[in-house]
Amino acid sequence: MEGLWSVFGEYELVYYGVAKEQMMLLLCAGFSAALFTSLNSNKIDIYVHVQRGQKKVCLIFFILHLFVGVWKSITAHPSVWVANICLSLASSIFSFNFETWVAIEHEKQGQRQDILSDTFWLMTFFESASLIGGQVLANWLVGIDVKKGVVPSSTASVFLSILGIICVSRGWTENPKMAFDDYRTSFFTYIFGDKRIWLLVLAQACLQFSIALFWILWAPTLVADGREVHLGLIFPSLLGARMLGSTVFPWLISGPSSFRTEDCLLYAFVVLGFVFSIIAYDYQEIGILVALFCLFHACVGLILPSLARLRTMYVPNELRGGMISLSLAPANAAILLFLLLVIPQPLIVHLDMIEARLGIKRGFYRNIENAAMVAFAALGLFIAAGCMHVLKRWGKQPYQNWHKL
């Protein structure tokens, strides 16, 4: 479902006649909704663990996609505002709740921690694979005439949402046990009272900011100066690089010459920082840019399961979702701030990306603000590397079980 939206979302804005000004506001509205969810992470997590549990919150993810899909199927001119906000909320739920649910289920079944670490890199691997599958499905639905692909994509989203609701509803049972006061006390004690967790929050925020920024600017960067680029072939290559990077994780962590997780993250963040520094320098060679983009996603594929492993070491599973959502707040706020203040005309950037994907136009007029955003992201990645260095000095080995608060 996320793959369908990533391919069709921008095209639908053009198909329904959304103006440039509205595109800007829609982009800001989506990040504002995600920021609202992040800032209220503590309340949401209390609601999850005290009253509902991860299962019912995961159902909200599928229900939001189902609602948007049905609305687009039965309405000639659906509100893109409501659809964009609902899908942004669904993405926020996916970002923190599914990992928490997986960690808690592993702990309930008494499985070893190395199995949980394998699950983390497999989640990253299959997430990228499913996004590629979403692109394949989207291309198949579009067929020859791109105008015929809008309604079938909504139908496919409805089908996948119903399938997900059935699987989640019948697959697991859970009974939240933690009291309201106990959860709040534990959250403030372990999350706000531990400097090591704040280092993890900062590193995660820097990574999420760089990823969000990449997906906004990657296509306009490649089609700059009117260059002809097959974005439909580069997109799966980037996700394939992320899949390859995730497969390196088990080899580095538990191989013959295993490394500490903090060391792997330190080097990966440094590489990402240099990658963004080169891009910020306004490098124009298309082959080098694609190679840098693939290297970026390969490192992201390694970093995501590594950070999840560190969260298992430092964060109680019951508080995991709140910690992840809390780390997304600075990233969403930074993106929203840049969209509102740093880029005077970000709509031109986003529209050129849409037109490039559709083959309508090839061109993008660079401005200094784009390079400034990339440079800021590079600085954040170097800061994240510093966080990993400090965390290694303050950290603990081996793993400590935090299930009993």
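1. A crossing of two helices is called left-handed if the near helix is turned anticlockwise from the far one by less than a right angle, and right-handed if clockwise. By this convention the crossing of H11 and H12 is left-handed. Helices here are DSSP runs of H or I with at least four residues, strands are runs of E with at least two, and both are numbered from the N terminus.

2. On the basis of the values: this is a predicted model, in which local features need pLDDT of at least 70 and side-chain atom pairs count only at pLDDT 80 or more, while totals for chains, interfaces and linings use all residues. Residues are numbered from 1 along each chain as its sequence is written, and side-chain values use heavy atoms, with hydrogens and water left out.

3. Helices H11 and H12 pack with their axes 9 Å apart, at an angle of about 150°. The axes are lines fitted to C-alpha atoms, for helices over the stretch in contact, and angles between N-to-C directions run from 0 to 180 degrees. H11 is therefore roughly antiparallel to H12 (under 35 degrees counts as roughly parallel, over 145 as roughly antiparallel, 65 to 115 as roughly perpendicular, the rest as oblique). The contact of H11 with H12 has 21 nonpolar residues, two polar and two charged. In this division Ala, Val, Leu, Ile, Met, Phe, Trp, Tyr, Cys and Pro are nonpolar, Asp, Glu, Lys and Arg are charged, and the others, Gly among them, are polar.

4. Next, the salt bridges. A side-chain nitrogen of Lys or Arg within 4 Å of a carboxyl oxygen of Asp or Glu makes one, and by this rule there are five. One of them joins Arg311 and Glu99, at 2.9 Å from N to O. It links distant parts of the chain, with Arg311 in helix H12 (residues 286–314) and Glu99 in helix H5 (residues 80–108), 212 residues apart. Arg311 and Glu99 are both buried (buried means under 20% relative accessible area, exposed over 50%, partly exposed in between, with a 1.4 Å probe and protein chains only).

5. Lys392 and Asp263 form another salt bridge, with their closest N and O atoms 2.8 Å apart. This pair also links distant parts of the chain: Lys392 is in helix H15 (residues 368–394) and Asp263 in helix H11 (residues 261–280), 129 residues apart. Lys392 is partly exposed, because its relative accessibility is 35%, whereas Asp263 is buried at 14%. Elsewhere, salt bridges that share partners join Glu99, Arg311 and Arg320 into one network.

6. A salt bridge also joins Arg196 and Asp194, at 3.1 Å from N to O. Both of these residues, Arg196 and Asp194, are buried.

7. The structure holds 16 aromatic pairs. Rings of Phe, Tyr and Trp (its six-membered ring) pair if their centres lie within 6.5 Å; planes under 30 degrees apart count as stacked, over 60 as edge-to-face and the rest as tilted. The rings of Phe62 and Phe98 have centres 6.3 Å apart and planes at 85°, so this pair is edge-to-face. Phe62 lies in helix H4 (residues 54–74) and Phe98 in helix H5, so the pair ties together parts 36 residues apart in sequence. Phe62 and Phe98 are buried.

8. The rings of Phe214 and Phe296 are stacked, because their centres are 5.0 Å apart and their planes at 20°. Phe214 is in helix H9 (residues 195–222) and Phe296 in helix H12, 82 residues apart. Phe214 is buried at 4% relative accessibility, and Phe296 is buried at 1%. Both belong to one aromatic cluster, formed by Phe214, Trp215, Trp218, Phe235, Phe276, Phe293 and Phe296.
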